[in-house]
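Let's take a look at how one protein packs its inside. Have the chain on screen as you read.

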Amino acid sequence: MIWRDGAFVAWEDAQIHVMSHVVHYGSSVFEGIRCYETPTGGAVFRLRDHMRRLVDSARIYRMPVRYSIDELMQAVLDTVNANGLTHCYLRPVMARTGEQMGVLPSQEPELTETFVIAWNWGAYLGPEALAAGVDVCVSSWRRAAPDTFPTMAKAGGNYLNSQLSKMQARLDGYVEGIMLDSQGLVSEGSGENLFVVRDEVLYTAPLAHGILNGITRDSVSTIARDLGYEVREQAIPREFLYIADEVFFTGTAAEITPIRSIDRIPVGSGKPGPICRAIQTEFLGIAGGTIDDRHGWLTPVLDVVGAAR
């Protein structure tokens with residue numbers, strides 16, 4: 001079942017018209033969220049933060065928003081419950097639909113529809129990625145300059161750039177590409193943020209370098225500091241990747257994925273490093289309910305849905 005503007009529709013009935021603005025111009029904003037199975041049932045990871053970013057993305061692209069953050073949160077929880085899931089990937093999306101042609105979109109609220117989709121999705125970068133790490137390259141495709149696309153918005157059209165990087169990486173025998181910004185400094189992956197470790201300090205690119213303000217990225221920074229590591233947001237030159245002790249991706253889909261080589265140069269020992277492993281263990285433990293949720297990141301599905309009945 002898919003939540004569509006307040007009602008559930010069957011998977012095959014969640015359709016939009018081919019003349020929809022989103023089909024021709026990529027005018028949608030979306031989120032990727034995971035619900036994890038915990039010892040007490042399903043729980044959605046950092047739900048409020050994701051819904052706030054969804055509304056922020058819509059605001060940046062001047063899309064009418066018909067629901068509050070609380071209503072969107074409830075829609076996500078209802079969708080998990082309606083599908084009888086305790087572990088799943090969730091995709092809330094707001095899209096300009098209806099029949100409208102021309103670059104200028106309609107501002108009529110009813111022509112922006114909101115959907116919440118839930119399905120089972122495993123390891124984003126492959127079944128062995130979390131344990132063994134992945135081989136990546138530096139992409140020839142760069143992130144857009146700051147005055148072109150607003151990269152703080154998680155918008156559908158923004159990911160055309162990511163598709164080019166991902167396809168190039170796969171054709172060249174890599175799992176993923178690392179993209180540089182418009183000035184040639186390290187930005188992020190096609191759909192993941194990036195951390196670089198050197199001498200037990202974690203480095204990650206600032207928002208001004210064309211990255212998405214990742215929620216998993218923020219979680220990793222928090223966990224790293226909890227574990228006693230220093231985290232620095234600063235410009236990262238490409239060559240710093242080649243002398244790193246560890247490098248890893250972060251993201252809702254990728255979770256915490258180690259990188260074992262970049263441009264066929266081994267990262268450190270060529271195996272997942274101890275800092276990445278420690279953060280990965282802590283992150284998945286909190287998300288899975290086996291480590292104390294000290295930051296209040298989990299929203300239990302049954303408790304909230306049950307209270308609303």
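Contact here means heavy atoms within 4.5 Å. Leaving aside its neighbours within four places in sequence, V44 is in contact with I33, R34, C35, V76, L77, L90, W297, L298, T299 and V301. This is a predicted model, where local features need pLDDT of at least 70, side-chain atom pairs count only at pLDDT 80 or more, and totals for chains, interfaces and linings use all residues. Residues are numbered from 1 along each chain as its sequence is written, and side-chain values use heavy atoms, leaving out hydrogens and water.

V44 also turns up in the largest nonpolar core, which has 26 residues; V44, L47, M51 and L90 have the most contacts inside it. (A nonpolar core is a set of buried Ala, Val, Leu, Ile, Met, Phe, Trp, Tyr and Cys residues joined through side-chain atoms within 4.5 Å; buried means under 20% relative accessible area with a 1.4 Å probe, protein chains only.) The largest share of this core, six residues, comes from α3.

| Feature of α3 | Value |
|---|---|
| Residues | 69–82 (14 residues) |
| First to last C-alpha | 20 Å |
| Phi of G84, which follows α3 | positive, near 65° |

In α3, the buried residues are L72, M73, A75, V76, L77, T79 and V80.

Now for its partner: which residues make the contact between α2 and α3? On α2 they are L47, R48, M51, R52, L54 and V55, and on α3 they are I69, D70, L72, M73, V76 and L77.

Key:
Helices (H or I, at least four residues) and strands (E, at least two) are DSSP runs, numbered from the N terminus. The expected span of a helix is 1.5 Å times one less than its number of residues. Buried means under 20% relative accessible area, exposed over 50%, partly exposed in between (1.4 Å probe, protein chains only).
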